[in-house]
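Subject: Structure handover

Hi,

Here is the structure I promised to pass on. Please open it next to this email.

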Amino acid sequence: PKTDQATRDAVLKRSVGLVVVGVRGTRSDGTWTEVPFGTGTAFAVDPTGHLLTNRHVVAEADNLTRSTDLQDVQKKQKVKIEPRVWVFFSRDEKYD
């Protein structure tokens with residue numbers, strides 16, 4: 001079936017997003033901050049929410065989870081540091 005340009009644009013807008021990789025640091029008093037350190041593009045590949053992006057976009061978050069230096073910082077500073085991936089499909093939407 002033929003699809004008009006407006007419909008294709010609407011589907012594409014919902015299918016391509018910006019991926020931001022970073023960390024959330026939570027202090028012992030419950031306050032937190034988020035620090036981004038990498039970005040890339042993601043594509044929705046099915047209606048259930050699976051995304052496709054390049055390995056380099058999320059590699060730092062993966063490395064962070066394995067870092068013994070990070071574990072030392074968490075113990076000494078009493079800060080919980082968690083890798084995060086945020087996906088934006090429009091200026092108003094953020095998925096954690």
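Below is what turned up in it, topic by topic.

**Ground rules**

This is a predicted model: local features need pLDDT of at least 70, side-chain atom pairs count only at pLDDT 80 or more, and totals for chains, interfaces and linings use all residues. Residues are numbered from 1 along each chain as its sequence is written, and side-chain values use heavy atoms, with hydrogens and water left out.

**Overall layout**

The chain has three helices and five strands. Read from the N terminus, the order is α-β-β-β-α-α-β-β. Helices (H or I, at least four residues) and strands (E, at least two) are DSSP runs, numbered from the N terminus.

The chain has 96 residues, and 21% of them are buried. Buried means under 20% relative accessible area, exposed means over 50%, and partly exposed lies in between (1.4 Å probe, protein chains only).

Take the contacts between residues at least 6 apart in sequence: 50% of them join residues at least 24 apart. A contact means heavy atoms within 4.5 Å.

β1 (16–27) and β2 (residues 32–44) run antiparallel, joined by eleven bridges. Two strands count as paired if DSSP finds at least two bridges between them. V16 sits opposite F43 of β2. G25 has T33 of β2 as its bridge partner. The two strands form a hairpin with four residues between them. In that turn, G30 has a positive phi of about 95°.

β2 also runs antiparallel to β3, through two bridges. F43 pairs here too: its bridge partner in β3 is L52. This hairpin has six residues between the strands, and G49 takes a positive phi near 105°.

Together with V45 they make a nonpolar patch of about 290 Å². Patches are made of residues with over 30% relative accessible area and no salt bridge; like charges are joined within 9 Å, nonpolar side chains (Val, Leu, Ile, Met, Phe, Trp, Tyr) within 5 Å.

**The core**

Which residues make up the largest nonpolar core? There are seven: V19, V21, A42, V57, A61, V87 and F89. β1, α2 (55–65) and β4 (79–90) each give two or more residues to this core. A nonpolar core is a set of buried Ala, Val, Leu, Ile, Met, Phe, Trp, Tyr and Cys residues joined through side-chain atoms within 4.5 Å. In soluble globular proteins, nonpolar side chains tend to be buried together.

Start with V19, in strand β1. V19 is buried, because its relative accessibility is 3%. Leaving aside neighbours within four places in sequence, V19 contacts residues including A42, V57, W86 and V87. The C-alpha atoms of V19 and F88 are separated by 6.5 Å, though the two residues are 69 apart along the chain.

Then look at A42. Not counting residues up to four places away, A42 touches S15, V16, G17, V19, L51, L52 and T53.

**Salt bridges**

How many salt bridges does a search of the whole structure find? It finds two. A salt bridge is a side-chain nitrogen of Lys or Arg within 4 Å of a carboxyl oxygen of Asp or Glu.

One joins the side chains of R24 and E34, at 2.8 Å from N to O. This pair links distant parts of the chain: R24 is in β1 and E34 in β2, ten residues apart. R24 is buried, at 18% relative accessible area. E34 is partly exposed, at 24%.

K80 forms a salt bridge with E82; their closest N and O atoms are 3.8 Å apart. K80 is partly exposed at 48% relative accessibility. E82 is also partly exposed, at 25%.

**Helix α3**

Is helix α3 (residues 68–77) largely in the open or buried? One of its ten residues is buried, so α3 lies largely in the open. Just after α3, K78 takes a positive phi of about 55°.

Best wishes

Notes. Accessible areas come from the Shrake-Rupley method with a 1.4 Å probe; for residues, only the protein chains shown count as cover.
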